[in-house]
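Thank you all for coming. I would like to walk you through one structure this morning, going slowly for anyone who is new to it. Please have a look at it before I start.

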Amino acid sequence: MFVLKTIKQSRGNIDELRSETIGAVSDIVLQRPDWSEDRAGDFMAAFDDMPLGAMREQAVALRPWPVRATLRTLIYLELLRTLDRPMQDAA
């Protein structure tokens, strides 16, 4: 439910409830529980500035690589910049 809310409630991404996108975000949630559990609000807010449709198109254009895996990487890199930036600035 958290993944669906994250996508659906983010600005400009209401129409991005696609299997590859849901799967990619789910993979990240499982891999980084510190983001989804400890910083759920920050995690969800990060998607407001993320153009999931354009990112998915990019992933599709990079076939034959699996769309879900490529999209997961694109989203993850964006989340790293957004969510880990405060940690990097403090160091």
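Let me begin with Thr-70, which counts as buried because its relative accessibility is 14%, where buried means under 20% relative accessible area, exposed means over 50%, and partly exposed is in between, using a 1.4 Å probe and protein chains only. Before I go on, a word of care: this is a predicted model, in which local features need pLDDT of at least 70 and side-chain atom pairs count only at pLDDT 80 or more, while totals for chains, interfaces and linings use all residues. Residues are numbered from 1 along each chain as its sequence is written, and side-chain values use heavy atoms, with hydrogens and water left out.

Thr-70 has its place in helix 6, and when I say helix I mean a DSSP run of H or I with at least four residues, numbered from the N terminus. Setting aside residues up to four places away in sequence, Thr-70 touches Ala-59, Leu-62 and Trp-65, and contact here means heavy atoms within 4.5 Å. Thr-70 and Ala-24 are 46 residues apart in sequence, and in space their C-alpha atoms are 8.5 Å apart.

That brings me to the packing of helix 6 with helix 2. The axes of helix 2, residues 19–31, and helix 6, residues 67–83, come within 8 Å of each other and cross at roughly 50 degrees; the axes are lines fitted to C-alpha atoms, for helices over the stretch in contact, and angles run from 0 to 180 degrees between N-to-C directions. Helix 2 and helix 6 are therefore oblique to each other, since angles under 35 degrees count as roughly parallel, over 145 as roughly antiparallel, 65 to 115 as roughly perpendicular, and the rest as oblique. The crossing of helix 2 and helix 6 is right-handed, which is to say that the near helix is turned clockwise from the far one by less than a right angle. On the helix 2 side the contact includes Thr-21, Ala-24 and Val-25, and on the helix 6 side it includes Leu-71, Ile-75 and Leu-79. The residues of this contact between helix 2 and helix 6 divide into eight nonpolar, two polar and four charged, with Ala, Val, Leu, Ile, Met, Phe, Trp, Tyr, Cys and Pro counted as nonpolar, Asp, Glu, Lys and Arg as charged, and the others, Gly among them, as polar.

Thr-21, in helix 2, counts as buried, at 0% relative accessibility. Not counting residues up to four places away in sequence, Thr-21 touches Ile-7, Glu-16, Leu-52, Arg-56 and Leu-71.

Now to the other partner of interest. Helix 5 and helix 6 pack at an angle of about 135 degrees, with their axes 8 Å apart, and they are therefore oblique to each other. Their crossing, too, is right-handed. Among the residues that meet there are Leu-52, Met-55 and Ala-59 in helix 5, and Val-67, Thr-70 and Leu-74 in helix 6.

Leaving aside its neighbours within four places in sequence, Val-25 is in contact with Val-3, Ile-7, Phe-43, Phe-47 and Ile-75.

Finally, the loops. Gly-12 is found in the loop between helix 1 and helix 2 and is exposed, with a relative accessible area of 73%. In the loop between helix 5 and helix 6 we find Pro-64, which is joined to Arg-63 by a cis peptide bond, with omega about 25 degrees. As a general point, most peptide bonds are trans.

Technical notes: Helices (H or I, at least four residues) and strands (E, at least two) are DSSP runs, numbered from the N terminus.
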